[in-house]
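Please look over the sequence and the structure shown below, and then read the numbered points alongside them.

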Amino acid sequence: MALCVFVLIASEFMPVSLLTLIARDLGVTEGLAGQGIAISGALAVLTSLTLSKLAGKMNRKYLLLGMTTLMAISGVVIALASSYLVYMAGRAMIGIAIGGFWSMSAATAIRLVPQHQVARALAIFNAGNALATVVAAPLGSYLGATIGWRGAFLCLVPIAAVGFIWQCFSLPAMNGNTSPASRGSVFHLFSRPVVSIGMLACGLFFMGQFALFTYVRPFLETVTRVDTSGLSLILLVIGVSGFIGTLMVSTFLNAKFYPTLMTIPGLMAAIAIILILTGHCVWMVALLLGLWGMLATAAPTGWWTWIARTLPGDAEAGGGLMVAVIQLSIALGSTAGGMVFDRLGWQSAFAMSSVLLLSAVVLTFFTSRQKASAP
């Protein structure tokens, strides 16, 4: 599962470092080539909201294998794309695989391991995400320069094939939903206060994170004034710290679940404010962004564990709703952050990020109160 997550996330963000090559080869602008990331996100949302209902009683092992197959096919379609439309069709396929795979992750973890190890299992899943975040951009850039952008996408296909074979032998049969309620629309979950407040808290967290993080590169280049090698080094520090944070977070979640969920955005809000005050100091910025990466990359494990604990009998629908909330929040956060960054300056964007993250702390606290008072 972690290997497949690695290929999924690498596939999703590979175009970031290959946009110029893709645009030139397909005869479109870089902006149009970049829409390949937008369409994968849109299809991920649609799939996550509908998959649980559409799949019904289907064996979840075969569903996961189907998503892995689609992931491999998308790599081939993109690599062999003769036109922009074929390229976008391949990107749509990877979006469906992302939405399907992630929406089933919490439910799969619940079925594969005992309850007390669910957080650790989800942390392992997210380790694939963190590793892909570290290597996707630099690896894509290197492969694009040596074997071309088509070759870079083709390199992911054998890894997806290995993931498919590994899952064939390792995953047990997992029956689909039998209860009519769990096969219904995911939106019925909003009738539970703990879910509606928790999802809002999760959404505010991701909005706050990406209102700042999307604009880290221009911040480093124009405010901290790092050169190209310094920029690469700081981005690597963020990625490596995130991988370490993902490996550590399950221990804290098992010991103090809600306090950990509240501490992460609280510390990130503090980092955003300190960055405003110390943005010109290179070593301080590198240290703060390393800590940011550790916290931000570990946080999704906490929210997926929250789904597993809050909706153990309806984790598929909850996972689908979570994917939709996260993808929408990332889009809203990065868009709002960009508008503020351009019109009011980077300090205002970072301050807005801090406010959103602190709001997530407050709503996470209310979520914990709802959970405590739930029957």
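Is the crossing of H1 and H8 left-handed or right-handed?

1. The crossing of H1 and H8 is left-handed, where left-handed says that the near helix is turned anticlockwise from the far one by less than a right angle, and right-handed that it is turned clockwise. Helices here are DSSP runs of H or I with at least four residues, numbered from the N terminus.

2. This is a predicted model, in which local features need pLDDT of at least 70 and side-chain atom pairs count only at pLDDT 80 or more, while totals for chains, interfaces and linings use all residues. Residues are numbered from 1 along each chain as its sequence is written, and side-chain values use heavy atoms, with hydrogens and water left out.

3. H1 and H8 pack at an angle of about 155°, with their axes 9 Å apart, the axes being lines fitted to C-alpha atoms over the stretch in contact and the angles running from 0 to 180 degrees between N-to-C directions. H1 is therefore roughly antiparallel to H8, a term for angles over 145 degrees.

4. In the contact (heavy atoms within 4.5 Å), residues of H1 including Leu3 and Val7 meet residues of H8, among them Ile159 and Trp166. The contact of H1 with H8 has 9 nonpolar, 3 polar and no charged residues; Ala, Val, Leu, Ile, Met, Phe, Trp, Tyr, Cys and Pro count as nonpolar, Asp, Glu, Lys and Arg as charged, and the others as polar.

5. Helix H9 (residues 193-213) and helix H14 (residues 315-344) pack at an angle of about 35°, with their axes 7 Å apart, and H9 passes H14 in a right-handed crossing.

Notes: Helices (H or I, at least four residues) and strands (E, at least two) are DSSP runs, numbered from the N terminus. Angles under 35 degrees count as roughly parallel, over 145 as roughly antiparallel, 65 to 115 as roughly perpendicular and the rest as oblique.
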